[in-house]
Amino acid sequence: MTLYEELVERGLIAQVTNEEEIREMINGGKATFYIGFDCTADSLTAGHFMALTLMKRLQMAGNKPIALIGGGTTMIGDPSGRTDMRKMLTIEDINHNAACFKRQMESFIDFSDGKALMVNNADWLLDLNYVELLREVGACFSVNNMLRAECYKQRMEKGLSFFEFNYMIMQSYDFYYLFKNYNCNMQFGGDDQWSNMLGGTELIRKKLGKDAHAMTITLLTDSQGKKMGKTAGNAVWLDAAKTSPYEFYQYWRNVDDADVIKCIKMLTFIPIETIREYEKWEGSELNKAKEILAFELTQMIHGTEEAEKAQAAARAIFGAGASDADMPSTALCDDDLTDGAIGILDLMSRGGLIASNGEGRRLVQQGGVSVDGEKVTDPATKITADQLSNGVVIKKGKKVFHKFTF
């Protein structure tokens with residue numbers, strides 16, 4: 001089976017500009033391709049996982065990936081799939097986020113010996129002169145075509161700012177720049193980026209008279225059609241400090257029966273022949289498939305040791321005769337307490353169960369938090385040193401447990 005055929009069977013390919021040429025290029029290891037990552041947070045998320053695994057698959061077949069850090073495009077913000085304008089970040093925030101992305105990608109993609117490149121579009125976009133840009137590429141874009149683009153549809157309903165309207169031009173310019181300076185002949189991205197990607201291929205054709213190619217990746221959605229990669233309204237992060245290996249494992253362990261085989265196909269490197277056997281599984285066998293999915297992805301991001309610990313903890317908590325010996329835990333000391341107690345929100349924050357007090361307050365008020373089996377509804381609840389000395393187990397949602405000791 002060729003690489004392209006495998007991508008099709010795994011359900012990864014959504015749209016392509018020229019299937020025959022793209023098939024030949026990636027099967028022959030002739031593609032120099034890029035995927036862009038805008039720096040909207042200080043960690044990549046499970047939503048980026050598809051792009052990362054695709055880069056790795058193509059690199060393993062001899063193709064050369066370019067990881068494009070969107071230090072420049074993040075200053076505008078992608079309107080695709082949005083009903084409101086993205087929060088504008090400072091240059092300092094964007095640079096910090098870009099550095100975080102770089103560290104995470106380096107643990108996933110092999111950048112040694114020129115096998116891959118990492119570039120930041122701030123290096124060329126921030127130095128552009130607006131009038132010169134209009135003269136150079138403005139005539140290559142039809143406003144009528146841009147207004148019909150899928151990436152603008154939701155924003156058009158509430159009002160699309162001219163600020164955001166420029167995003168397609170910036171992304172198209174990225175492809176044009178990379179084609180000229182790095183011999184980048186292909187762009188890959190999520191299926192919601194199709195219009196932006198076509199803008200790039202058209203710009204290259206009109207300015208340089210050459211063909212470039214684009215392929216979109218199927219968006220990872222659940223059986224209800226919702227994007228996967230969020231839990232309780234929050235992103236599932238690849239940074240262990242934001243989503244612990246145990247929580248990351250549990251997210252994938254708890255996917256619906258209808259989604260588990262699809263996730264194994266699209267996200268893991270398990271041979272397709274093995275997955276075909278998994279497709280025959282039914283009933284309780286699907287729980288085994290979920291464990292395989294969770295372990296493979298946690299191992300990929302956090303390493304074998306953390307994956308084994310997360311799996312052992314999950315089995316201990318949810319298995320028959322469960323013990324909390326392997327439950328994720330946090331030990332507190334006198335300095336963590338005030339007047340012999342600690343607030344429930346502070347406690348959850350110490351254990352990495354919440355990203356902010358606002359998130360914790362909402363969870364508590366909505367009945368999503370229990371302490372030793374008793375539901376807590378008051379965000380001002382305090383846990384005493386006496387309680388902690390015996391060990392306190394906090395349950396967040398239905399399946400996230402954390403033990404606190406003193």
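Predicted model: local features only at pLDDT ≥ 70, side-chain atom pairs only at ≥ 80, totals over all residues.

Residues are numbered from 1 along each chain as its sequence is written, and side-chain values use heavy atoms, with hydrogens and water left out.

Begin with the six-stranded sheet. Its order is β1-β6-β5-β2-β3-β4, it is open, and its pairing is mixed. Strands here are DSSP runs of E with at least two residues, helices are runs of H or I with at least four, and both are numbered from the N terminus. Two strands count as paired if DSSP finds at least two bridges between them. At the edges stand β1 (13-16) and β4 (117-120), each pairing on one side only. On average, neighbouring strands of this sheet are turned by 25 degrees against each other, direction ignored. Axes are lines fitted to C-alpha atoms, for helices over the stretch in contact, and angles run from 0 to 180 degrees between N-to-C directions.

Now look at β2. Seven bridges link β2 (residues 32-38) to β3 (residues 64-70) in the parallel sense. T32 has K64 of β3 as its bridge partner. Y34 stands opposite I66 in β3. Strand β2 also runs parallel to β5, joined by two bridges. There, F33 is bridged to M186.

How enclosed is β2 by the rest of the structure? Largely, because six of its seven residues are buried (under 20% relative accessible area; exposed is over 50%, partly exposed in between; 1.4 Å probe, protein chains only). From β2 the chain crosses through α3 to β3, a right-handed β-α-β crossover. Right-handed means that, with the strands pointing away from the viewer, the path from the first strand over the helix to the second runs clockwise. Helix α3 (residues 49-60) lies across β2, β3, β5 (186-190) and β6 (213-217). Its direction is at about 160 degrees to β2. Contact means heavy atoms within 4.5 Å.

Turn to the five-stranded sheet. This open sheet runs β9-β15-β14-β11-β12, again with mixed pairing. Its edges are β9 (329-331) and β12 (374-375); each has a single partner strand, so one side of each is left without a neighbour in the sheet. Inside the order, β11 (residues 369-371) and β14 (residues 392-396) run antiparallel, joined by three bridges. S370 has K395 of β14 as its bridge partner.
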